[in-house]
Every structure is written in structure tokens, then in C-alpha cells.
Amino acid sequence: MDSWDPSSARPPRTRAQSFADALAEVRRRVLRRRRLIAVLLIAVAVAASLRTLAPPPPASTTMLVAARDLPAGQLLRIEDLVEQQVAPGVVPEGVVGAPAGRLLAAPLREGEPVTDVRLVGAGLAQSPPPGTVVVPIRLSDAGQAALLTVGDRIDLLATDPQAGTTEELAREVTVLAVPEAGISGDGALPGRLIVAAVSANDAPTVAGASVATYVTYTWCHR
């Protein structure tokens, strides 16, 4: 306790008294601002209530889609794809989770998800592009076949060696596979085999020409 000087007009205040004075000052300040404090507390309570009562955000999942229009034959890179949040119920069947490094067998529009039927692989053979069927075609010149790559779009031509005429067999044919020469040819037949998606209407003509004429091609898109 502080010592008291009898000559002083007022005795020194004790620590307890000083604490009581400070507490009283805080109380006075709070009382002066009680309306503002009440408004703030009400606002916080309302915000907490709204947050509690608000419905949860809808469920979503991440799906990779084309960042821009992509042509057939494009080797997909990471920069060709962007993530898009969609509802789980709208994810199409066969969507590919990590398509980077895969080859497109059909064009993709900007924003279109990458599914297995758009990529070269087993899924494409099981479900070729709409309106087409998968047909093995024997090209008469093995060297020409070697120039093709998966995803090429070609027009097929047939040359009759006896008549010396050439006619167009099919347009906008998509090359799906170019098997190795050792697989596609046993030496008994000339040329080399490829696998392509051909219009269903043209498929019988193409299949017949593959064994009766010399089948060649011209590129229409590469």
C-alpha cells in the first residue's frame, strides 16, 4: 500500500480504488455506446441465422472439356483442356478423366467433354462417330498407308485396273488405326490394311472395292 503524506490535501488512492475507477470508466463508455453495440450484436445474430438457414451449395464435380474447337487427329495437350464444374447428373457416360496425351479421332467443339468415343482406342471401335461404321480397308499401296496417321480424314478412290477408270468411293473417312505392316499383311495380299470410320451407306461399296480394285486416297483434312 502507498504511504500517505499527511501534508497532502487528498490521500493517495489504493490499487483497488484505481481498478474500481477504471472499471467504472469502462462501464460508462459501454453505456454511452449501448445502442451501437446492440445494433452490431443484432446484425451479427441475423448474419449467423441467415448462414445457418441458407441451403447448402449444390453438389458439383469437375469435368475436363475442350478449351476451344479441336480437329480430329489432334494430340491432346493439357492446355487444350479446361476444368468445368458441373452437376454430377450431367456428366456423360464414357467421359475420360485424364485425356491429355490421347489422340482425337473426331473433332471436339469448345466446351465439349472428352469421352472415349472421341478418342482413338477401344471405345471408338465400340462406338464410332454417329452415322459411321468401322471398316478394315486394304489400300493397294503399302507406302501410301504408311503415310497415314490416326485421325486423318481422307477421301477413298477405287481404280479398276482392267477398265482403267477411277471412281470416288467415300468422302470424309476418318482413319482410326494404321496397324503395323507385319500385322496388317501376311504377304498373300498386296497393300496394307487400315481401319477407318466410313459412312454406313458407303461401307458396302468400300468393302467390295477393297478386294476388287486398287483403293487409294486423297487427304481432305490432316
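# Close-up views

**View A. Arg29 counts as partly exposed, at 47% relative accessibility.** Here, "buried" stands for under 20% relative accessible area, "exposed" for over 50%, and "partly exposed" for in between, worked out with a 1.4 Å probe and protein chains only. You're looking at a predicted model, where local features need pLDDT of at least 70 and side-chain atom pairs count only at pLDDT 80 or more, while totals for chains, interfaces and linings use all residues. Residues are numbered from 1 along each chain as its sequence is written, and side-chain values use heavy atoms, with hydrogens and water left out. Who is Arg29's salt-bridge partner? Glu25 is, with the closest N and O atoms 3.2 Å apart. To count as a salt bridge, a side-chain nitrogen of Lys or Arg has to be within 4 Å of a carboxyl oxygen of Asp or Glu. Arg29 and Glu25 are about one helical turn apart because they sit four residues from each other in helix α1. Glu25 is partly exposed too, at 26% relative accessibility.

**View B. Val26, Val30, Ile37 and Leu41 make a nonpolar patch on the surface.** Together these residues have about 340 Å² of accessible area. Two elements, α1 (15–32) and α2 (34–53), each give two or more residues to the patch. Patch members need over 30% relative accessible area and no salt bridge; like charges are joined within 9 Å, and nonpolar side chains (Val, Leu, Ile, Met, Phe, Trp, Tyr) within 5 Å. Areas come from the Shrake-Rupley method with a 1.4 Å probe, and for residues only the protein chains shown count as cover. Zoom in on Ile37 and you're in helix α2, at a residue that is partly exposed with a relative accessible area of 35%.

**View C. Asp80 and Arg68 form a salt bridge, with their closest N and O atoms 2.5 Å apart.** Both residues are in the loop between β1 and β2 (81–86), twelve residues apart, and the pair links distant parts of the chain. Is Asp80 buried or exposed? Asp80 is buried, at 0% relative accessibility, whereas Arg68 is partly exposed at 34%. The pair also belongs to a network of salt bridges that links Arg68, Arg77, Glu79 and Asp80. As background, side chains of opposite charge can pair when their charged atoms come close.

**View D. Thr61 is found in strand β1 (residues 61–66).** At 29% relative accessibility, Thr61 is partly exposed. Which residues does Thr61 touch, leaving aside its neighbours within four places in sequence? The list is Gln84, Gln85, Val86, Ala87, Pro88 and Val91, where contact means heavy atoms within 4.5 Å. Val91 is 30 residues from Thr61 along the chain, yet 8.5 Å separates their C-alpha atoms.

**View E. Strands β3 (residues 132–139) and β6 (residues 192–199) pair in the antiparallel sense, over eight bridges.** On this side of β6, Leu193 stands opposite Arg138. Strand β5 (residues 165–177) also runs antiparallel to β6, joined by three bridges, and Val195 in β6 is the bridge partner of Ala177. Strands count as paired if DSSP finds at least two bridges between them. The elements themselves are DSSP runs numbered from the N terminus: helices are H or I with at least four residues, and strands are E with at least two.

**View F. The largest nonpolar core has 20 residues, and Ile137, Leu139, Ile154, Leu156 and Val198 touch the most other members.** At least two residues of this core come from each of β3, β4 (153–160), β5, β6, α6 (203–212) and β7 (214–221). Four come from β5, the largest share. Another core lies apart from this one, with ten residues that include Leu64, Ala66, Leu76 and Leu108. A core here is a set of buried Ala, Val, Leu, Ile, Met, Phe, Trp, Tyr and Cys residues joined through side-chain atoms within 4.5 Å. In soluble globular proteins, nonpolar side chains tend to be buried together.

**View G. Glu172 and Arg153 form a salt bridge, the closest N and O atoms being 3.0 Å apart.** Glu172 is in strand β5 and Arg153 in strand β4, so the pair ties together parts that are 19 residues apart in sequence. Glu172 is partly exposed at 37% relative accessibility, while Arg153 is buried at 16%.
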